[in-house]
Structures are given as structure tokens and as C-alpha cells.
Amino acid sequence: MTDNTDTITCPTPEEATPETCADANFAVTGMTCASCAMIIEKTLSKVEGVDTANVNLAAERLQVAYDPAVVKAAEIIKAVEG
């Protein structure tokens, strides 16, 4: 089975510009277990324009690399809150 979906990948750090890739950190409170963190990462992996999403459960932080031309930070926040 082949996957025909387009993948948006942020360029290497040397090639990245604010127009092609943004890296944002968000505070995420209320997570009580690793399952919560996994749900957030899985949810964001389905958001068009999000390249990577990593949750640090202990620090209650979310780091997201995304294409700001495709998705805005406010949309990322809304996806997590949902």
C-alpha cells in the first residue's frame, strides 16, 4: 500500500527561514500521563503543515515545527485544546 499524501518537511536548519519553517514552544497543562502526551502528538501529526510535534510531559511543554504558510500557531493551539 502506498501513501499518496504530500508531506511537508521543514528544511535543514541551514536552509530554514521564518517563511518556510517555524519552531514554537507552548505550555501544556493538565496532562496526567504519557497517553495524554501521545494523543497531542498524534493529533498534531494530522494537522496539515505540522512537521513535528514533541511533548515533554514532565516539563509540560510542546515543541512544534511547522510551515507558517500552511498553518498558524493559533490553529495549532486550537487543535490541542480540542
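I began by reading along the sequence, where the protein follows the pattern β-α-β-β-α, and I counted 2 helices and 3 strands, taking helices (H or I, at least four residues) and strands (E, at least two) as DSSP runs numbered from the N terminus. I note that this is a predicted model, in which local features need pLDDT of at least 70, side-chain atom pairs count only at pLDDT 80 or more, and totals for chains, interfaces and linings use all residues. Residues are numbered from 1 along each chain as its sequence is written, and side-chain values use heavy atoms, with hydrogens and water left out.

I then looked up burial for the whole protein: 27% of its 82 residues count as buried, meaning under 20% relative accessible area with a 1.4 Å probe, protein chains only.

Next I turned to D67, which I found in the loop between β3 (61–66) and α2 (73–81). D67 is buried yet has no salt bridge, the nearest side chain of opposite charge being K72 at 7.3 Å; a salt bridge here is a side-chain nitrogen of Lys or Arg within 4 Å of a carboxyl oxygen of Asp or Glu. I did see that the side chain of D67 reaches the backbone nitrogen of A69 at 2.9 Å.

Last, I checked E60, which is found in the loop between β2 (50–56) and β3. Its phi is near 55°, a positive value in a residue other than glycine. Most residues other than glycine have a negative phi. I recorded E60 as partly exposed because its relative accessibility is 30%, between the limits of 20% for buried and 50% for exposed.

Methods. Lys, Arg positive; Asp, Glu negative; His and termini not counted. Polar contact = N/O pair within 3.5 Å; in protein donor to acceptor, adjacent residues only side chain to side chain.
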